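Hello,

Here is the structure I promised to pass on. Please open it and keep it in view while you read my notes.

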Amino acid sequence: MTDVQGYARDCFRGATSSRLGVELEFLVFDAMDRARPVPVARIEDALPPLPGGSKVTFEPGGQLELSAPPDVLPAAITQLTADVEAVRLALARAGLRLGNRGLDVLRPPVRQLTEPRYEAMAAFLGRPHGPAMMCSTASIQVNLDFGDDPRARWERAHVLGPVLVAAFANSPAGGWASGRQAVWSRLDPTRTAPVAQRLDGGGDPADDWARYLLDARLMMVREGDACRPVLDGSPFRDFARVAGRPAGEADIAYHATTLFPPVRPRGWLEVRYLDAQGPAGWPVCAAIVHALVTDDQAAATALEAARPLAGRWTDAARLGLTDSALRRCASVCFRAAAEALPRLGAGPRLVARVRAFASRHIESGRPPAADRMEEMFA
């Protein structure tokens, strides 16, 4: 097998700057009938040119994804804000509406994309949670450079995960503040569990990632233009037996794209555990994560509060900010981030939005999910 350890180490080699890249997923609804399915073609026909240069793609259920080019904090937020607003207005003219939550509880999951990758993924994941994950969930992915100390930023993203999941829980369903996380937690744990298990500064992140790659179940084997699902539970370390040939570097890289841990290294840091927010709410989410992971002073304050809660992923997703310890920690983290943002180039308007979000949701213990619950019963 090609050197998995070498591949894993390369995943932690990247830019030493502190750029921000954001990928926004949106559920898209018919403005007159939210329970009505919306074909991808209808969305595509309505999309305008995007002034900020975001890339447009679709998830299997028709979720719209906007991926912004990485840039320094203020520019990244400004450019993606312009693109989201252009999309929002264009879709509104077409009778469509961008969703403001991380889980579709109004429509059954229906897969619209039928590429071989998605066919194999659907077969591997199975029902009912596979279709729900592929077609009914939406998230924010925050991408960060590793900076001068990849190990530190890797650790911060993991330790802060539970409190950030709780703070931005925005998909109430089945008694969970983050129903999206509930769906993901019921999938194959060899590809959804956190990579980092030691959060005390020990261990080697590249070693952890290499072990994760080898132990995760092999989802599919590419055979020409086709993808054959692997349904016998074989881990990737058994690739040669399953595929009938040794794994090459391209096989390792492709396997990595089928793994969905809360934080994933790709030459940059992917923070993947955040529920989608509405068109007006995502900048706060992106700014908070960026500040707490990249600003050393903010990170030190946040980590001191968050370490006792590290690993409480399920509690955070289920309870959100109704858990008093998570709420107190979130309050500390938001204050630290708000103080850090001007150091990172953020203007007064973004800082004010962060403070307003903290006042409405964090200090009151009322995460965005509470607003979603009210909307459901309004």
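Predicted model: local features only at pLDDT ≥ 70, side-chain atom pairs only at ≥ 80, totals over all residues.

Pocket first. The largest pocket has a volume of about 1100 Å³. Its lining is made up of 40 residues. Gln 141, Trp 184, Phe 260, Arg 264 and Arg 272 lie nearest the centre of this pocket. Which helix gives the most to the lining? That is helix H8 (residues 179-185), with four residues. By type, the pocket lining divides into 18 nonpolar, eleven polar and eleven charged residues.

Next, the cavities. A search of the whole structure turns up three of 30 Å³ or more. I looked at the second largest cavity, with a volume of about 70 Å³. Its lining includes Met 220, Arg 222, Phe 236, Asp 251 and His 255. Two elements give two or more residues to this lining: strand S7 (220-223) and helix H12 (249-257). Seven of the lining residues are nonpolar, two are polar and two are charged.

Last, helix H3. It covers residues 73-93, so count 21 residues. From first C-alpha to last, H3 reaches 31 Å, close to the 30 Å expected. Which residues of H3 are buried? They are Leu 73, Ala 76, Ile 77, Leu 80, Asp 83, Val 84, Val 87, Ala 90 and Leu 91. In an α-helix, residues three or four places apart point the same way, because there are 3.6 residues a turn. After H3 comes Gly 95, with a positive phi near 80 degrees.

Best wishes

Conventions. Residues numbered from 1 in each chain as written. Heavy atoms only, no water. 1 Å grid on protein atoms, 1.4 Å probe; cavity = no way out; pocket = protein on both sides within 12 Å on 5 of 7 lines; lining within 4 Å. Points joined across faces, edges and corners; volume = space filled by probe spheres on them. Nonpolar A, V, L, I, M, F, W, Y, C, P; charged D, E, K, R; others polar. Expected span 1.5 Å × (residues − 1). Buried < 20%, exposed > 50% of the residue type's maximum accessible area, 1.4 Å probe, protein only.
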